[in-house]
Amino acid sequence: MPDSWVPSVDDLRVKLCWICREEERHDKPEQPPRRWTHPCNCTLVAHESCLLDWITAAQQTPERAANALKCPQCSAVYEIISDNPLALRLLDRWNRLLSRVGKVVTVSTIGLVVTTFSAGIYLICTSYGAFALREYLGSEMYDILVSDDPSQWSWFAFTNLPLIPVTLILSRTPLLNNYSPLLPLLFAWPTATPIATSDVAMRAHWEASAATSYIPMKAAPLWPPSPALLCVLFPPLQALYSAGKKRLTHWLLDTREPAPVRIRGYEWAIGGGEANMDPAAPAAFRLQVGAQVGRAAARRQQQQQQQQQVGAVAAPAPAAEVALAPVVQAQVEPVVAVDPPAAALAPAALAAAPPAAGQPVDAPAPNADPAGAAERTIRITGASIGRLIGGALVLPTVSRIMGDLLLHASHGLPLLRLLLAPRPPLLRVNSPRIWSLSASHAESRTPLQWLNVGLRLFLSGSNVWQESDPVWWRNTLGLGIFLVAKDVVKLAHLWLAKRELESRSVKNRSFEGVDLRELDLITRAEIA
Amino acid sequence: MAAVYMRRLGKELREIETEAPPAGLRLLKADDFDTWIFQIEVLGDSLYRGERFALKFRFDNTYPFSAPAVQFVVDSQMRAPVHPHVYTNGHICASILGEDWSPTLSVISVCITIQSMLASCKKKELPEGNDTYVRTAPDNPKKTHFVYDDDTV
């Protein structure tokens, strides 16, 4: 036996398969013979068929697949010799590629769905924003500042327009109730430069020297006030108005300022009816008014009729808001002040307030049960959400209609005309000349001059705002009048309801038809 | 494969019956090639001194290419040992019963591994999330995807 001789699996006296545990002695070969293999560096040997089965089984189990070709004892890697033609390898590779493509397709499909959905929302919001802005600014200024052509929009149009419906709606919720619903319409546009419509662009091309600076340098009219000034003045004006209204309400209804009630929770009832569908809500209103004047509870039917009338008068004002007791009204004051329909969020849970009927005039009736009052919740129903959103989105149109009415009325009223300061339509062809400043001016400005520029911008807005017909101004005034009128109607309703309760008495009747013998009467003689 | 399963289990059973099984192990039931039950106790000094458990093996015709389903018997008489890798429903979290299984292992070697797993335990405690697992666990522990994170026990 030469030294270089190295034994192989066939030289073993006894072969034990580590997989099926069967033995084969070299002097008693199996019939039919099965091939043995020694694929690794240790002493394990196996039937080739057993080993291939094991490898296949391991490869099919994901967590074991990585080690499928390793000896479990010595970790040597098995070498598989197989008939693996180019066609099979290509197909394998193709299959792997397809799996990878499949993953990409899945991910991108999900992405596409999400993107399409968001794009749809964005589209709707932007379209509404453009519509609202056109209603509010009037078509002339809208065409100058924004236009219907998105390719002309400045970058903030793409962010500001879709935000308009969002902020309009938010301005009616407690989240943003200290801001005017018109802020989103005014914000960012005051300093906007006119967009380059085709004719303007053409002129700009020819008049290359005319810089695209539209900052006012010349003296500008101070009336109407600039939108920027209006934005700044609005919150204090509104706070004043709210405070005044609150006092007037308390004076008219003879109520006291209640302790502020914290809204404990929001109750969702999307399928539920609106607040005034809840028969308890109007009753609660009456009960609370009644409690103030020391009278008994209201007759529900009559009051519901009354509500319908009021609801019909103040068109967008939901009838539910009259269901607001003054107490709660004070609590949701900011919302109501900005925009009365915001009372869509009226706590229907008011019904939970104690029916403190027949209490003395000065009793703090609404808060007779402080615990109960403190725990009031705001009930959010499908109807109330719809009314909140619808009421918010209709504001720009209401504002436009009111603005038109004002303009119409101003024809006979010189003072009103002065206030509204309407201007004749601009001649579009001339517009670039009106707005452009020669470049030479822009070169030599001292910091003080720049400050001056900023101040003018703030006080009177950019040239576009100075020289266009201030539709936005009369629309703002119109909306203000509308909101005040609505408050007045609501207050009047509250006051009338209170008077009705106060004036109640029960009609006295004689004993006509009653058997007089059953009554213990004072005799006429006694009287005499 | 089915042929291998019967032949191999038959051979393992013969070996257990002819050669005495290792100390602490006793075959309680092996009437068929579906379910075998062993009595298991940890000899010597350990937290489980004097305790006896029953270890149940369930086989299918993929044995030995895949691991048997192994768990402690939990019934009116038997309890699973309190051990960080043993759930109260008897399921065992051990990698050799899952991804580290190989045909080099056998029923007896699994028994010995579990015996030493108990013997080396330093603190009797339940696995983390035992209650949740027991509530939701499938009947067959092989259907559970364990994450083996602790090699020390």
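Trainee: In what order do the four strands of the open sheet in chain B run?

Mentor: Keep in mind that we're looking at a predicted model. The sheet is open and its pairing is antiparallel. Neighbouring strands are turned by 25 degrees against each other on average, ignoring direction. Reading across, the order is E1-E2-E3-E4.

Trainee: And which strands stand at the edges?

Mentor: Look for a strand with a single partner, so that one side of it has no neighbour in the sheet.

Trainee: Over how many bridges do E3(B) and E4(B) pair?

Mentor: Take B:Lys56 as one case: its bridge partner in E4(B) is B:Gln71. The two strands pair in the antiparallel sense, and the bridges come to four.

Trainee: Which helix packs on this sheet?

Mentor: The helix you want touches E1, E2, E3 and E4 of chain B. Its direction makes about 35 degrees with that of E2(B). That's H2(B).

Trainee: What supplies the largest share of the largest nonpolar core?

Mentor: That core has 58 residues, with B:Trp36 and B:Phe72 among those with the most contacts inside it. Both chains contribute: helix H1 (48-60) of chain A supplies at least two residues, as do several chain B elements, including strand E2 (35-41) and helix H2 (107-119). The largest share is seven residues, and it comes from H2(B).

Definitions and conventions
Residues are numbered from 1 along each chain as its sequence is written. Chains are lettered from A and ligands numbered from 1 in the order in which they are written. This is a predicted model: local features need pLDDT of at least 70, side-chain atom pairs count only at pLDDT 80 or more; totals for chains, interfaces and linings use all residues. Side-chain values use heavy atoms; hydrogens and water are left out. A nonpolar core is a set of buried Ala, Val, Leu, Ile, Met, Phe, Trp, Tyr and Cys residues joined through side-chain atoms within 4.5 Å. Buried means under 20% relative accessible area, exposed over 50%, partly exposed in between (1.4 Å probe, protein chains only). Two strands pair if DSSP finds at least two bridges between them. Axes are lines fitted to C-alpha atoms, for helices over the stretch in contact, and angles run from 0 to 180 degrees between N-to-C directions. Contact means heavy atoms within 4.5 Å.
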